Amino acid sequence: MTNKYMYFIANWKMFGDLRTLNSLDKVIKFSKINKRKSKLIYCPPNTLIRPMSKRLQKTKIEVGAQNCHVSDSYGAFTGSVNSKMLKNVGAKYIILGHSENRQEGESDKLINLKIRSAIKSGLKIIFCIGETLKEKRNKRTNQVLSNQINKGLKSIRNKSDIIVAYEPFWSIGTGIIPKSKDLIKSVNFIKNKFGSKPPKILYGGSVNNQNISQLKNISGIDGFLIGGASQDPKKFIDIIKKTYN
Ligand code: PGA
């Protein structure tokens with residue numbers, strides 16, 4: 001049983017419309033009776049940041065965004081939204097470096113610039129890192145993680161507003177999670193990279209209300225970034241409850 005302060009971050013990806021927000025009622029109710037030391041954060045698509053923030057106004061649940069444009073000023077970038085605009089509509093956090101965006105061509109350099117711009121806008125960062133299956137098979141996990149951290153956080157001195165989410169590419173949406181011993185190794189590796197002031201480190205990738213019983217035992221993990229399972233309020237609550245059982 002853990003007594004630690006844990007993060008539970010819902011990454012809704014491209015999911016949800018105004019009606020979906022009704023599903024929050026169950027989670028709001030739960031959060032009011034939940035006495036465990038925990039932080040719940042919802043990262044919906046941009047279209048829902050404002051209405052969700054309003055709905056969660058009198059609760060301790062916070063709202064985050066999933067990505068942003070690199071520029072922190074207005075510009076001719078059709079279809080884009082910057083971190084200041086996201087902050088303006090209620091986001092307090094932002095996921096950056098997610099593998100689904102890396103796969104679409106986001107470089108470590110671009111992620112670094114986005115992180116800097118989002119910090120400047122006053123957002124807290126959920127910085128995603130993780131190796132591909134090929135990199136894992138070639139025993140390059142540590143090298144990849146190290147590189148992503150060095151480049152992604154380059155020249156960022158104050159890291160107090162950064163949370164790291166370790167999400168192996170191959171575990172996202174596949175139902176497969178790393179072996180406990182491998183996960184412990186990666187989490188420790190990440191922690192050690194930061195020296196005496198390590199950030200909070202979350203695990204993400206196929207977290208569900210079954211495998212949470214195994215994942216909660218991994219020491220060094222400060223919470224979870226949850227995709228698919230977070231879309232169902234019952235499953236999301238179950239994950240939180242089981243973390244403390
Ligand atoms: P998943 O997604 O839980 O659906 O695997 C996690 C994520 O992409 O953050």
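Analyst: Let us begin with Lys114, which lies in helix H5; helices are DSSP runs of H or I with at least four residues, strands are runs of E with at least two, and both are numbered from the N terminus. This is a predicted model, in which local features need pLDDT of at least 70 and side-chain atom pairs count only at pLDDT 80 or more, while totals for chains, interfaces and linings use all residues. Residues are numbered from 1 along each chain as its sequence is written, and side-chain values use heavy atoms, with hydrogens and water left out.

User: Why does Lys114 count as buried?

Analyst: Buried means under 20% relative accessible area, exposed means over 50%, and partly exposed lies in between, with a 1.4 Å probe and protein chains only. Lys114 has 7% relative accessibility and therefore counts as buried.

User: Which residues is Lys114 in contact with, leaving aside its neighbours within four places in sequence?

Analyst: They are Asn67, Cys68, Val70, Leu96 and Glu106. Contact here means heavy atoms within 4.5 Å.

User: What makes the helices H5 and H7 oblique to each other?

Analyst: H5 covers residues 108-120 and H7 residues 141-152; the two pack at an angle of about 45°, and their axes are 8 Å apart. Axes are lines fitted to C-alpha atoms, for helices over the stretch in contact, and angles run from 0 to 180 degrees between N-to-C directions. Angles under 35 degrees are roughly parallel, those over 145 roughly antiparallel, those from 65 to 115 roughly perpendicular, and the rest oblique. H5 and H7 are therefore oblique.

User: Which residues of H5 and H7 meet?

Analyst: From H5 come Asp108, Asn112 and Ile115, and from H7 come Gln148, Lys151 and Gly152. By class, this contact has one nonpolar, three polar and two charged residues. Ala, Val, Leu, Ile, Met, Phe, Trp, Tyr, Cys and Pro count as nonpolar; Asp, Glu, Lys and Arg count as charged; the others, including Gly, count as polar.

User: Where is Glu167 placed, and is Glu167 buried or exposed?

Analyst: Glu167 belongs to the loop between strand S6 (162-166) and H8. The relative accessibility of Glu167 is 5%, so this residue counts as buried. Not counting residues up to four places away in sequence, Glu167 touches several residues, among them His98, Ile129 and Leu225. Glu167 and Ile129 are 38 residues apart in sequence, yet their C-alpha atoms are 5.9 Å apart in space.

User: How do you know that the side chains of Glu167 and His98 make a polar contact?

Analyst: A polar contact is a pair of N or O atoms within 3.5 Å; within protein, one must be able to donate a hydrogen and the other to accept it, and residues adjacent in sequence count only if both atoms are side-chain atoms. The contact between the side chains of Glu167 and His98 is given at 3.3 Å.

User: Which residues are around the ligand?

Analyst: The residues around the ligand include Asn11, Lys13, His98, Glu167, Gly173, Ser206 and Gly228; a residue is near a molecule if one of its heavy atoms lies within 4 Å of it. A ligand oxygen atom is 2.7 Å from an N or O atom in the His98 side chain. For polar backbone atoms, the distance from a ligand oxygen atom is 2.7 Å at Gly173 and 2.9 Å at Gly228.

User: What is the phi of Ser206, and why does Ser206 count as buried?

Analyst: Most residues other than glycine have a negative phi. Ser206 is not a glycine, yet its phi is positive, at about 60°. Ser206 sits in the loop between strand S7 (200-204) and helix H9 (212-215). With a relative accessible area of 16%, Ser206 is therefore buried.

User: Is Lys139 buried or exposed?

Analyst: Lys139 has 74% relative accessibility and so counts as exposed. Lys139 lies in the loop between helix H6 (133-137) and H7, and its phi is positive, near 55°.

User: What makes Ser186 buried?

Analyst: Ser186, found in helix H8 (residues 180-193), has a relative accessible area of 6% and is therefore buried. Leaving aside neighbours within four places in sequence, Ser186 is in contact with Thr141, Leu145 and Tyr166.
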